[in-house]
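Hi everyone, thanks for coming. Let's take a friendly walk through one structure together, starting with the picture.

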Amino acid sequence: MMEMPLPERRGSGAFKWDLAGDDEIPLWVADMDFPVAPAITNALAQRLKHPIFGYSSVPEQYPAAFRRWQAARNDWDIEAEHLVVLPSVMQGLAVAVEAFTAPGDRIGLFSPVYYPFFDVVEELGRVVVRMPLRIEETSSAPGARYTFDFDLIREQIKTVSAVLLCSPHNPGGRVWSRAELVELQEITTSAGVRVLSDEIHADLLFPGTAFVPWLRSDAPAPAGSRDSADIAFLAPSKTFNIPGLPTAWAVVPDPETRQTLKNALHARMHKLSNLLTMEAALAAYSGGGEWLEEIRSVLYKRYTTVREAIAPLDGVRVFEMEGTFIAWIDLRERWGLPRRTRFAAATGRDHNGTPRSRAFGTLARRHGVWLSDGSQFGPEGDGFMRLNFATSAERLNEGLQRLSAAIDAFDRHDA
Ligand SMILES: Cc1ncc(COP(=O)(O)O)c(C=O)c1O
C-alpha cells in the first residue's frame with residue numbers, strides 16, 4: 001500500500017508541505033507522507049456520522065488498548081493507575097519540568113537532541129546542561145553511532161536536578177540497549193536525579209531491534225528494585241502518523257510524583273480531551289498493528305536507500321540507526337570539520353560562529369530539498385543534517401539526488 005502513489009499533501013494543512021516552494025521536497029518535519037491505518041480513518045468516519053461534538057472524556061477502552069499494546073509489543077505491564085493522559089508529549093514534558101524543577105535549576109540532556117528539549121528548559125527559566133553523546137566509530141558500514149559518554153555523565157550528574165532522555169534517540173536513530181539504559185539508571189538512581197524519558201519513537205523499530213522501556217518493571221536491578229520517581233512519555237502520534245491529532249501518555253509509577261503531575265496539569269487547565277483524537281488513538285492501538293508492520297518494513301527499505309545513495313559520496317556518511325525515520329548524515333569530513341568522537345560538557349546551546357550546516361541548509365533549499373540543520377539539535381550537531389525518509393521511494397530518490405548536487409555545490413560555494 002505504501003508503495004502506491006501517495007496522497008498529495010499540499011493544501012491539506014500539512015505544515016512542511018505548505019511552507020515548501022512549488023518544486024521543493026520537504027524532508028525535515030518528522031511526520032510521514034504515508035496514509036494512516038484504515039482502522040483510524042474508519043473510526044473517524046464512523047464518529048463523524050454523529051453530528052454533535054460536545055465536551056468529551058477519555059474513553060474507558062483507551063487506556064486498556066494502550067496497556068495491551070505495551071504488554072504485547074514491549075513486554076511491559078503498565079498498571080492502569082500509573083497512566084496520566086497528556087495533551088501531547090512536549091506539553092507533558094513542559095508541565096513536568098515546571099512541576100519537578102525550580103527556575104534556575106540545571107537540567108541535563110544528551111545532545112545533539114530534539115531541539116524543543118532546549119526550548120522547554122530555557123523558556124521555563126532553567127539551565128540546559130549538555131552531556132554530549134559520544135560517537136562510537138564502528139567497524140561495520142556506515143561506521144558510526146551514538147552512545148552515552150558515561151564518564152562525563154558521572155561527573156555532570158552531580159550538577160543537575162533532572163535529566164531529559166530521548167529513547168529511542170532523535171536525531172541519532174539509536175534504540176538504546178538494555179546495557180546502556182541500565183548503566184545510565186545506575187548513575188541517575190545513585191545520584192537521586194529524576195529522569196523524564198521521552199519514548200515517542202518506541203514503536204518505530206528496524207528488524208531485529210527491541211525497545212527497552214526506561215521504566216519496565218522487570219528490568220534487572222537497580223531499575224526494577226528502586227522506587228522510581230521517573231516518568232516515561234509515550235504517544236500514538238509518531239507510531240501511527242497522527243501528530244495532527246495530538247495526545248500522549250505519561251507513565252508515572254510513583255504515587256506522589258503522579259499526584260504532583262496531575263495537579264500541575266489541572267492548574268494549567270489541561271482537563272479536556274479531544275473527541276476525534278481519542279477516536280483515532282483508540283482505533284490505532286486496537287487495529288493499527290498490521291499497518292505498523294508494513295510501515296516498519298517500508299521505513300527500513302528507505303533507510304537502505306539513504307545509505308546506498310550516501311555511500312559513494314566522499315567524506316559523507318549516515319549514522320547507524322536501529323529505528324525512527326530520520327537519518328543523521330555526517331558531513332564533517334567533507335566540510336573539513338574535525339571528526340571528534342567526544343565533546344565537552346557545557347551549558348546552553350551557543351555555537352562558536354555560524355554553524356556550517358545552517359549555511360548548507362540554505363543552499364540545499366536552493367537545490368530543491370529541505371532538510372533539518374543539525375546544529376539546531378545542539379552545537380555537537382554542526383556538520384550534520386537530518387533527513388526524514390518517511391516518504392515515497394520516488395520522492396526520496398529525487399531528494400537524495402538534489403542533496404548530492406547541493407553537497408557538490410557547497411564545496412565550491414565554501415571554497
Ligand atoms: C523526541 C520527540 N519528542 C516529542 C515530539 C513531539 O511530541 P508531541 O507532538 O506529542 O508534543 C517529537 C516530534 O518530532 C519528537 O521527535
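So, how many helices and strands are there in the protein chain? There are twelve helices and 16 strands, where helices (H or I, at least four residues) and strands (E, at least two) are DSSP runs, numbered from the N terminus. Please keep in mind that this is a predicted model: local features need pLDDT of at least 70, side-chain atom pairs count only at pLDDT 80 or more, and totals for chains, interfaces and linings use all residues. Residues are numbered from 1 along each chain as its sequence is written.

Now the overall shape. The radius of gyration, taken over C-alpha atoms, is compared with a globule rule of 2.2 Å times the number of residues to the power 0.38. For 415 residues, a compact globule would come out near 22 Å, and the protein chain has 21 Å, which agrees. Its C-alpha atoms fill a box of roughly 60 × 55 × 40 Å along the principal axes.

What joins strand β12 to strand β16? Five bridges do, linking residues 326–330 of β12 to residues 384–388 of β16, and the two run antiparallel. Here, tryptophan 328 stands opposite arginine 386 in β16.

How values were computed: Pairing = 2+ DSSP bridges.
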